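The sequence and the model come first.

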Amino acid sequence: MAFDALIVHRTGDGPAEPRIETLDESALMPGTVLVRVEWSTVNYKDGLAVTGAAPIIQRFPLIAGIDFAGTVETSEDPRFRPGDRVVANGWGLSQTHHGGYAGRARVEGDWLIPLPDTISSRDAMAIGTAGYTAMLCVLALEHGGLAPGRGDVLVTGANGGVGSVAIALLAKLGYRVIASTGRTEEEAYLRRLGAAEIIDRNTLGVEGKPIGRERWAGAVDTVGSRTLANVLAQTAYDGVVAACGLAQGADLPASVLPFILRGVTLAGIDSVNAPREQREHAWQRLARDLDLATLASTVTEVGLADVPDVARAILQGKVRGRTVVNVGG
């Protein structure tokens, strides 16, 4: 059966060239499960991959899209049967293996997670890798001993996908959330998600002191670089910071003082190769702890042909919340 796909081409050191093409199943890579893809999404990493701004894609041509949700069509894996609703993200998708911007995907069964009954395929991509990563961050904060009542929790990159879902999750769990953003005109949106306080990202994005006033008990950081260094420097005693992004940079010009004077924990979050048990736990918690009605207010829907424009916009910091891609439509 023919289907459309967004394929990224590149010749030599030339620019990345995303194109919509019509394929059939013979064009797919090996795998044990064939999925009819219904929805995907545009994450920051997708922006890097589709535009070629970073070497995310390691072989060309390749179907982009680091995640997808859909329905199993055929399976050689006994864990899955036709009609099962599944979600996939990470592993080699949009790096070495064809990704989710296509009407069909053939992948290994180990890459798939059954969707909880309360989460539709569209909702799964409204959550997407960004929301799943946000849940991993929350789990890391809890693992480090953080609980509501311990103090405020900061979320950086608050208008982005991870930030938006992190705010909604933390607020529903009872935390007082501080949102850091470069778009303070979006204050009303962030407060609807559950943020109690808004701060300008410029206060964190510049060179700061190695240790400062204790301002929050924990944080979810999507930015890295000087922002993460300042977040750590202002984290309270025995606090926990979950780091999952590098929008400002991959460097960390920080001091050891927050760690050895305040016992701060820095937890790294890997959404790409997280073990299956952790993924299943994260999706079950999302089904329980995320208000899907609140999530719906963050969602914009686009088609496959719109993805390149959205990819450029997300790298320019112009995308708010979550963007779902109607692949099946």
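## Strand β6 and its partners

Strand β5 (residues 67-75) and strand β6 run antiparallel and are joined by 5 bridges, where strands count as paired if DSSP finds at least two bridges between them; D67, for example, has N89 in β6 as its bridge partner. Strand β6 also runs antiparallel to strand β8 (residues 112-114), to which 3 bridges join it, and here V87 is partnered by I113 of β8. Helices (H or I, at least four residues) and strands (E, at least two) are DSSP runs numbered from the N terminus. This is a predicted model, in which local features need pLDDT of at least 70 and side-chain atom pairs count only at pLDDT 80 or more, while totals for chains, interfaces and linings use all residues. Residues are numbered from 1 along each chain as its sequence is written, and side-chain values use heavy atoms, with hydrogens and water left out.

Strand β6 (residues 85-89) is largely enclosed by the rest of the structure, because 4 of its 5 residues are buried, a term that means under 20% relative accessible area, with exposed meaning over 50% and partly exposed in between (1.4 Å probe, protein chains only).

## The cavity beside β6

What lines the largest cavity? Its lining consists of V87, A88, N89, W111, I113, R279 and W283, with β6 giving the most, 3 residues, and with β6 and α7 (276-289) each supplying at least two. The volume of this cavity is about 40 Å³. By class, its lining divides into 5 nonpolar, 1 polar and 1 charged residue, where Ala, Val, Leu, Ile, Met, Phe, Trp, Tyr, Cys and Pro count as nonpolar, Asp, Glu, Lys and Arg as charged, and the others, Gly among them, as polar.

Cavities and pockets are found on a 1 Å grid over the protein atoms alone: a cavity is a set of points where a 1.4 Å probe fits but cannot get out, a pocket is an open set with protein on both sides within 12 Å along at least five of seven lines, and lining residues have an atom within 4 Å of a point. Grid points are joined across faces, edges and corners, and a volume is the space filled by probe spheres set on the points.

The largest pocket holds about 1,300 Å³ of space; among its 49 lining residues, Y44, T222, G245, L246 and A247 are the closest to its centre. At least two lining residues come from each of α1 (44-51), α2, α3 (161-173), β10 (177-181) and α9 (307-315), and the lining comprises 20 nonpolar, 24 polar and 5 charged residues.

The second largest pocket holds about 180 Å³, and of its 14 lining residues D4, G103, V327, G328 and G329 lie nearest its centre. Strands β1 (3-9) and β3 (33-41) each supply at least two residues of this lining.

## Nonpolar cores

A nonpolar core is a set of buried Ala, Val, Leu, Ile, Met, Phe, Trp, Tyr and Cys residues joined through side-chain atoms within 4.5 Å. The largest one has 53 residues, of which L141, I167, L169, L170, L190, W283 and L290 touch the most other members; helix α2 (residues 121-143) contributes the largest share, 14 residues. A second, separate core of 44 residues includes M29, L62, A64 and Y101.
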